[in-house]
Amino acid sequence: MAKEFKKNHAQVCEAWRLLSAVERSVYLEAAIPKLALLTGDANKARRLFHHLLSAAPKLDEVQRMTGATGESNDLYVTARGKTMVIGGESAKAMAVLGQLIAALLTGNEVILHCPSQVDMCDEAAKILHTAGISDDVLSVANDSQTVTLLHIERLAQVAVAGSNAEVQSISQELADTDGILTQVIAVTDMIDFTDMLSYDYLYRFVTERVITINT
């Protein structure tokens, strides 16, 4: 039974990854009105969240690269994999939810962890599950210690919303873990959220791949 559960979990997460960003944005779009109400400034949150979703078509672009005669090389981006979204003590709900939306939009499996805002996390997950995002794709882990969660097997990246000190502490802990290199995506501006407005922000959640066809 356990093996079957893991198999189904992997299949559900892979199906989410294989959707286009535009298709994933439809699910997220449906959840934005209610997610925005959790932030304390619904209008600002809606603008930020819609800004993130507006990049979906660009994430789906495929770039044809020059190759040898009879060879085609198509460059595209895809999800990195298992992603943890962490909210520090100083994190605003808007920053945490922005990181969450970014991680989901780019096709990743997400674990949400914000011990200082447990009710907000639970409500956000409920909203997104109701919008059609599977609980295999998005889960909440506020009942575990942050240090323990950072040692989860095959954790591809950690999106941290919080102070510089909190980001540094988590980065140091990840540096001491074994296994694959885990990327840190930091949001430290809790006023204007400039980190999430940068051109390359969403690209931090993805990795590049190339399809090569040689005839």
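Which residues is His113 in contact with, leaving aside its neighbours within four places in sequence? In this predicted model, local features need pLDDT of at least 70 and side-chain atom pairs count only at pLDDT 80 or more, whereas totals for chains, interfaces and linings use all residues. Residues are numbered from 1 along each chain as its sequence is written, and side-chain values use heavy atoms, with hydrogens and water left out.

His113 lies in strand 4, residues 110–113 (strands are DSSP runs of E, at least two residues, and helices runs of H or I, at least four, numbered from the N terminus). Beyond those neighbours, His113 contacts Val85, Ile86, Gly87, Ala141, Asn142, Ser144, Gln145, Thr146 and Leu149, contact meaning heavy atoms within 4.5 Å. With a relative accessible area of 0%, His113 is buried (under 20% relative accessible area, with a 1.4 Å probe and protein chains only).

Helix 5 is likewise a buried element: 13 of its 13 residues are buried, so the rest of the structure largely encloses it. Just after helix 5, Gly107 adopts a positive phi of about 95 degrees.

Helix 5 (residues 93–105) packs with helix 2 (residues 21–36) at an angle of about 155 degrees, their axes being 9 Å apart. Axes are lines fitted to C-alpha atoms over the stretch in contact, and angles run from 0 to 180 degrees between N-to-C directions. The two helices are therefore roughly antiparallel, a term for angles over 145 degrees. Helix 2 contributes Ala21, Arg24, Ser25, Leu28 and Leu35 to the contact, and helix 5 contributes Leu97, Ile101, Leu104 and Leu105.

Technical notes:
Angles under 35 degrees count as roughly parallel, over 145 as roughly antiparallel, 65 to 115 as roughly perpendicular and the rest as oblique. Buried means under 20% relative accessible area, exposed over 50%, partly exposed in between (1.4 Å probe, protein chains only).
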